[in-house]
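Colleague: I'd like to learn how to read a contact between two chains. Could you walk me through this one?

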Amino acid sequence: MTKEPVAVTGIGQTRHAAARRDVSLPGLVREAARRALDDAGLDWPDVEAVVLGKAPDFFEGVMTPELCLADALGATGKPVLRVHTAGSVGGSTALVAASLVAARVHRTVLTVAYEKQSESNAMWALSLPVPFQPPLLAGAGGFFAPHVRAYIRRSGAPADTGALVAHKDRRNALLNPFAHLHEHDLTLEKVRSSPMLWDPIRYSETCPSSDGACAMVLTDRAGAARAPRPPAWLHGGAMRSEPTLFPGKYFVSPRAGRDCATDVYRQAGVTDPRHDIDVAELYVPFSWYEPMWLENLGFAEEGQGWRLTASGATALDGDLPVNPSGGVLSTNPIGASGMLRFAEAALQVRGLAGDHQVPGARRALGHAYGGGSQFFAMWLVGAEPPAT
Amino acid sequence: MQADPAPGSLTAPLTLSFPFTRSLGPVLGTFLTGLRERVVLGIRTPAGRVLVPPTEYDPATGAGLGETGAFVEVAPTGTVTTWAWNPAPRPGQPLAHPFAWVLVRLDGADTALLHALDAPGPHAVRTGQRVRIRWAAERTGAITDIACFIPDPAPAAPPRPAAPHPGTFPDPVTTLTAPARLDYTHTPGRAQSRHLTALARHELTGERCPACAKVLVPPRGACPTCGVATTDVVPVGPRGTVTTFCIVNIKAKDLAIDVPYVYAHILLDGADLPLHGRIDGIPHDQVRMGLRVEAVWTPGTRHPAHYRPTGEPDAPYTAYEEHL
Ligand SMILES: [Zn+2]
């Protein structure tokens, strides 16, 4: 028996901000979930199961939050599942939800991811002082900066590549009313001259810390037929993992990421990603990761990703727009960031991305990664149902 | 319950504590503000049930009670629905002496509230017991504004419906701080203990994987590629090669190192996995990939204080490109 085709018929996200003090944690997830149901033309009883994701519990210090959020997500009497895969969790959460529909376990599933970073301390939660260990020398930016330097060495990318990406993504965010950062006055020159935090990563090339949530309604063929607005159809989805550190680990282009993309493309019948995919929402928390992921995902040959960025191909009016929503560089509620990528990809192929819509987008890639570049989750969605 | 650490393992206490903050939202904020004013509020669901403590969303239907529900005031007296004796209270619990954890259904409520009952012993506690609130002298808008419950000798009053309450107070509470604390006994395990013990003698060691022969530094007990235990201790370094690095320009809160400094990945001679360290003894803007360095200890420290240039010619790119 073939899999049930999976459709995204509802998408909701919160207004993202540095601190959403106006809502509790339940209020935050509710805001996104309610919008997703409204988009799908459904109400709480129409949902059969809820799949929730977020970054580790220690971020907000609420242990097993899926239990206390069940009321807010209308989950009484229904299965609630929780997914944990560090920063990629928003993506893997959506894929777990999709698998429940594809396997015909449930017909309609609500999937939600969130982070309330203002009420947590990510820096602290991720770098607990451990006895006998030397103090960690740098936070997340410091962890990734040496890998960016390695990329620059291998590819010969010009020093301002990161600034081009940051400027592009922050300009795109101006077209996205939900984005956290709306830096109307930002210029390329301001990015280039922003403080160097972890050389080679500048301040304006790093993601913000946001409060926010994202939710999607995933449903089967019958559900899609009843939906009031056009669905996005899942054409391929995959997850891959690898250890944080091992001899031969290639941080510049991790094998788990390449394998994950290969699997998604095989499922979706993509043979030339650059040609076959119209728009990509990639998890780029530090701007240099755009060219790195372009290579890892097969959009460019190894060492050539920066040329794609420099050519303008990844701009909103380019032939492969990357992060038209403004991306993680403009909005980063950690646990939700991966799901936002997936949701934005779906919005694009539904034609519902508003001012940051890529005209005529038919196939879009959503991408998430997490941990020490070790957890990958991706999906490819299309405007047409998958061939069965 | 605590398992003994493996023989030869180091152990040390590990305490994590952090004051998390919570935005309360409209319903819990009103409830906690009420406690500050010695008023216990519940919320009435569309089906007519009174929830105490109130919830933002109806557990039965998911309806938003902030929009469709209504605050009601319940009595400061109620009935124990079940209980458990706590013979050894821990720091931060409501009472410092032994007490009963109780679920109390306050008069006018349909659900029960978890709190402490101050009673002389388990013989003095029973399901169905009448209790009342003992308010804290200083109240801030927190569940601890109820210091605890105490036995109530008065007979139960005839049932009376909970009275509607507007739920508005001057100067409402909108956030609370929830301190969290976890106490562990940390052990790094046998392999890391061997490594750390050698480090105390200022010797750098790794462990070789019996399957792939890679030397892992610092060793974690198993090869991450092959999944088999490592047992052979191998001396590595003290010289090595900087494979990549960044220059840190922002000061970390609890790190006594002046910025800028160089945080580098260092492939020690004889190792197959770069470790992380700080480079010193060279201006930060002269550090480069391929720089040859060696570990420098300060007396009495276990870990190298930093790594400094050896003066050898730089390693060629091909010598370390597989370790980036
Ligand atoms: Zn091995």
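Modeller: Gladly! A salt bridge is a side-chain nitrogen of Lys or Arg within 4 Å of a carboxyl oxygen of Asp or Glu. This is a predicted model, where local features need pLDDT of at least 70 and side-chain atom pairs count only at pLDDT 80 or more, while totals for chains, interfaces and linings use all residues. Residues are numbered from 1 along each chain as its sequence is written, chains are lettered from A in the order in which they are written, and side-chain values use heavy atoms, leaving out hydrogens and water.

Colleague: Which residue forms a salt bridge with A:Arg154?

Modeller: B:Glu321 does, with the closest N and O atoms 3.5 Å apart. The count between chain A and chain B is one salt bridge.

Colleague: How much area do chain A and chain B bury between them?

Modeller: The size of an interface is often given as the accessible area lost when the parts come together. Here, buried area (accessible area, 1.4 Å probe, lost on being put together, summed over both parts) is about 4,600 Å², 64% of it on carbon and sulfur atoms. In chain A, A:Phe132, A:Leu137 and A:Pro247 lose the most area to chain B, together 18% of what that side buries.

Colleague: How many residues does the contact take from each chain?

Modeller: With contact meaning heavy atoms within 4.5 Å, chain A gives 54 residues and chain B gives 56.

Conventions: Buried area is the accessible area (1.4 Å probe) that two parts lose on being put together, summed over both.
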